[in-house]
Amino acid sequence: MSSAPLNDSLHTRLQARLVRPSLVTLRNPNCISALLFGIVAITPLATWWRGSSLIWGADGSFPINLNEVGRYFHLGSTGYLAADARKLSFLLPWGVFLQIWHLVELPWSAGAAQRIITVVLLLISGFSMRALVRCWFPSIGQFGSTAAGLFYQVNVFCITTVWTSQSFLIFHYSLLPLLLLIATRVLSKPSVRTCLLGSLAWTLMMSPAYITTPLILVDWVLIALVGIALVSGGQCSLRKVLKGFAILGGGWLVLNLYWLIPEAMYYSNTFSAGVASLGGATSLEVFKLNSVTFGAALRLGGYWGLDSTINGSPSYPWIGWETGWIDALAYLPICFGVVGMFSLGFGRTRKWSQSEKSMASFLAIVLALFLFAATGSNAPLGSLKIAMFQSLHLLDPFRSVYQRFVEDLTLAVAVLMGLGVDRLTFREARNQWFQRFSAVALTLLIAVTVIIVPFPFWAGSMFNTSGVLPSSRITVPKPYYTAATIVSSGADRSSVLTLPIGESAFTYLNWAHGTEGYDGIQPLSFMTGTPTIDSAAPGSYLQEALKESMLSGSAFCNTLKQFNIQYVAWERDADSDLMNTVQGYLGTNRLGMGRLLSASNCLIPVETTADIVVYKNLRWTPNLLYFESDKSGGELLGADYTINSSDHIRVKSPPAAFHYLVLNEPYDSNWRLNGASPVGGTNVTIFRIRNADRNTLELGNVATNYLQLFLAITLILMMLIGIAGVPWRRLLIRVRRRVE
Amino acid sequence: MRTKAGYSPLALRSRLRVFKGTTSAGIIAIWLGISLAVIGCQAAWSSLQSHLHPATIKVISDEVLRGQGTSSYLVVIIRNESSNIANDVRASAQVGTHMRREASNKGTPSVLRIAPMQESVFVFSRFEAVSPAKIHFEIHVGSWSIPQLWKALPTVSWIYSRSQFHVAAINSNLFKTQPVTLVGVVFGSSGQIEGFGSTKIDELRASSTDNVNVRVRIGRASGEQTTSIFEDD
């Protein structure tokens, strides 16, 4: 009689031993996972930054100064540069959050904010990947799920593309497992409330990254595949999943209209601008360039840019590390992944549930799909893939094949690696020594995968100097802050011209007397809300005018007036050698530039430092708008106008002889004069003044109107969903219980 | 049930049962497993090769060559007709006890890289009568393995016509001072060494001696561990 409880106890202990991962015998595996994820997240604090520096990749767009955030709410306020609607998705949550922070005048430190965001995102990526693996594969042990989380935190792809470039992809990459986790939960038990909450979470997490719009399509496909996996795993019916998917997707669509509509209005310009910035290369050429070989895709590497150099200096200073044996070791995760697929794909070795098998198949298909896509024009079936992308009109948006597809490949590999590691822990083995041996061997292999292979992550060498290329650790010199304050005090809708000026906003600067430097998008544009003219596209009206006036000298003041420029910021610390190597820059000759600016009698220096000199244009008069008697020119007359907001301007009526109003900005069909579209223009935007309108002339940007209207609606909807959807009372009770 | 020939059909059938219930994860796992195995084998093979590789062909003339007068030239020509040696052919030359020199009439970098179907000319000026005269001439063939070189070398035949040494390449006014001594190495289109040799000519016209006396040493990159010597005396 008494042996029954004893047997039960033994049975339970035996079961616990079998279920518990061999890592361990340590008391709380959750704590160990948390500790490991924490180490990964905190290490960058010691190795990435130096002093008060910022990390600044090629796509860096961190707000150095919150003065600049306001401009994202106004599409037309770009000075004499085309409106860029791609950045609108940044508004929620970051734009709104930063603007509120700015309005309530809380202190802002870009350095502190960047460190906090990095640590938090790294933590989320690890924890959420672990949670995702455990959600999809409830039978998996702690060892496997922790390995998956660690690998997702640190791998070759994330150091190549995510953290090095410092683009908004950091949000997408880090939050993708959490999005899939939410999607799985929502689709498996769909209700209107949970689906709308899912849409809200999706919007808040991912929208900033949708500056790269193709990611939307990839995410939709991924979530749809999760739905299919849930159906085939018998977790819910097709009808339920379809319903959940419809509400989730519909909710997301409604919440994102604030940027989707304005972006659609500028859509035709979006991709062409992207292609132009690649030196005129066609999308097919870029597609081929970004396609990686099959072997390289398996180790998540092979990005062509890794081998690129400027003046003999590698663009990626750590490329020397990822060669030879290290490159070979990068195959380890996919090998683990294959083991994982084998263990679930044949179902003889362990008893996995139907839903787990189904999820493994989903992951294998995702892996194969993205492997197939990431190899682009390369084998297997390179020509077929090109034809497919072309026929689906996806070649333009997906020209950066590596960046778009290897991210999801990494996710699939991470989960499958977790399964493989779990399989190799041999939890069912009775021999403890064997289990211990496998645990030690696996720990070593995982260490190789997450420490040795992506060592530049740990050492911070991703951001080191590389020959003539400066470090990605930047310390913005104080004069730049002063310059930003000066130009910010300029008249509304006047512009600041930065010199030297390149064909894109990318610039190279020598900072701290050449001991530090900067290569990235014009830093002043991240420090002021004043429209910054920091690029002149090849062959554009602006570039031609600047070229001509710089050569002649005498016409420089006229050019400044012509483009409504009130301030000129001459960056004396420009790295002219690099600029000349890269080519396409105007004003790199420091002596000649100094002469030109000092000889221009309209300019007076208001801030002179070794790094930057700010000149004020004394002859500046508002030149955003003027009248013309004839569409093709004729007599000109300056307009008298009042700027209500950056994109809403009231214009005083002209004499009867003037029939046209000219907006001194490149043609933009989204401007309206009293509701009427522009009638023409290329270098400027021309409106016909109808006689009936003469009493009140109001100019507005319709895309901005939509943006602001839908942004307000979205914020209200978000609050409603947040208040009504979240079970606050239940949460509070749960928290109280925990505290007690 | 085991038979003399191996497993019986029954046993095979029972073994194949393992594939029952195979999901797409299993199929993709097989595909990727095979791919990884192939990549692994390729990597291992190329790794093995790269360890054998750094091979050097040394061409040493056993003739005592002496310049005539004070302004003689020694001209060395290499033509790389191989596509699979590709850019890995590097050459330098040494005459006697002089320091090793990489010379060119075009002022190219010190170590010459010769692309496929290109030739390179080494010109040693002041090749005087008093100069020690053995030509010491190394060609680094980069990604060749020792077994490949072993395989390639026996195919070399030793008698060549002038045209195979591409004398025409230097038939210009740049080299007025004669006589010159030529050494040529010809890589064939298959990557094999088709021929090499030296000849002394008084003028840039048909050579009287097409027979050559050269020694080839195959060794490691250091050039110290000679593994084999072929002679054609």
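In which order do the four strands of the open sheet in chain A stand, and is the pairing parallel or antiparallel? The legends below take this up among other close-up views.

The structure is a predicted model, in which local features need pLDDT of at least 70 and side-chain atom pairs count only at pLDDT 80 or more, while totals for chains, interfaces and linings use all residues. Residues are numbered from 1 along each chain as its sequence is written, and chains are lettered from A and ligands numbered from 1 in the order in which they are written.

**View 1. The open sheet of four strands in chain A.** The strands stand in the order β13-β12-β16-β18, and the pairing is antiparallel; strands (E, at least two residues) and helices (H or I, at least four residues) are DSSP runs numbered from the N terminus, and two strands pair if DSSP finds at least two bridges between them. At the edges are β13 (633-638) and β18 (685-688) of chain A, each of which pairs on one side only. From one strand to the next the twist averages 30°. Strand β12 (residues 625-630) of chain A is joined to β13(A) by four bridges, the two running antiparallel, and Phe627(A) has Leu637(A) in β13(A) as its bridge partner.

**View 2. The hairpin of β14(A) and β15(A).** Two residues lie between these two strands. Strand β14 (residues 641-645) and strand β15 (residues 648-651) of chain A run antiparallel and are joined by four bridges, and the bridge partner of Ser645(A) in β15(A) is His648(A).

**View 3. The open sheet of five strands in chain A, with helices packed on it.** Here the order is β8-β5-β9-β11-β10 and the pairing is mixed, with β8 (532-535) and β10 (603-608) of chain A as the edge strands, each pairing on one side only. Neighbouring strands of this sheet are turned against each other by 25° on average, direction ignored. Strand β5 (residues 495-502) of chain A runs parallel to strand β9 (residues 565-571) of chain A, and five bridges join them; within this pairing, Leu497(A) has Val568(A) in β9(A) as its bridge partner. Helix α22 (residues 478-488) of chain A packs on the sheet and touches β5, β9, β10 and β11 (612-617) of chain A, its direction making about 10° with that of β11(A). Helix α26 (residues 590-599) of chain A also packs on the sheet, touching β5, β9, β10 and β11 of chain A, and its direction makes about 150° with that of β9(A). Axes are lines fitted to C-alpha atoms, for helices over the stretch in contact, and angles run from 0 to 180 degrees between N-to-C directions; two residues are in contact if their C-beta atoms, placed from the backbone, lie within 7 Å.

**View 4. The crossing of helices α16(A) and α19(A).** The axes of helix α16 (residues 332-345) and helix α19 (residues 401-424) of chain A come within 6 Å and cross at roughly 70°. That makes α16(A) roughly perpendicular to α19(A), given that angles under 35 degrees count as roughly parallel, over 145 as roughly antiparallel, 65 to 115 as roughly perpendicular and the rest as oblique. Residues that make the contact include Phe336(A), Gly340(A) and Leu344(A) of α16(A) and Leu416(A), Gly420(A) and Arg423(A) of α19(A). By class, this contact of α16(A) with α19(A) has 13 nonpolar, four polar and one charged residues, where Ala, Val, Leu, Ile, Met, Phe, Trp, Tyr, Cys and Pro count as nonpolar, Asp, Glu, Lys and Arg as charged, and the others, Gly among them, as polar.

**View 5. Helices α8(A) and α10(A), with Gly249(A).** Helix α8 (residues 192-206) of chain A packs against α10(A) at an angle of about 45°, with the axes 8 Å apart, and the two helices are therefore oblique to each other. Among the residues that meet are Leu196(A), Ser199(A) and Trp202(A) in α8(A) and Gly244(A), Leu248(A) and Trp252(A) in α10(A). By class, the contact of α8(A) with α10(A) has nine nonpolar, five polar and no charged residues. Gly249(A) lies in helix α10 (residues 238-255) of chain A, and with 17 C-beta neighbours inside 10 Å Gly249(A) counts as partly exposed, a class that falls between buried (20 or more other C-beta atoms within 10 Å of a residue's own) and exposed (12 or fewer), with C-beta atoms placed from the backbone. The C-alpha atoms of Gly249(A) and Ala224(A) are separated by 9.9 Å, although the two are 25 residues apart along the chain.

How values were computed. Left-handed = near helix turned anticlockwise from the far one by under 90°.
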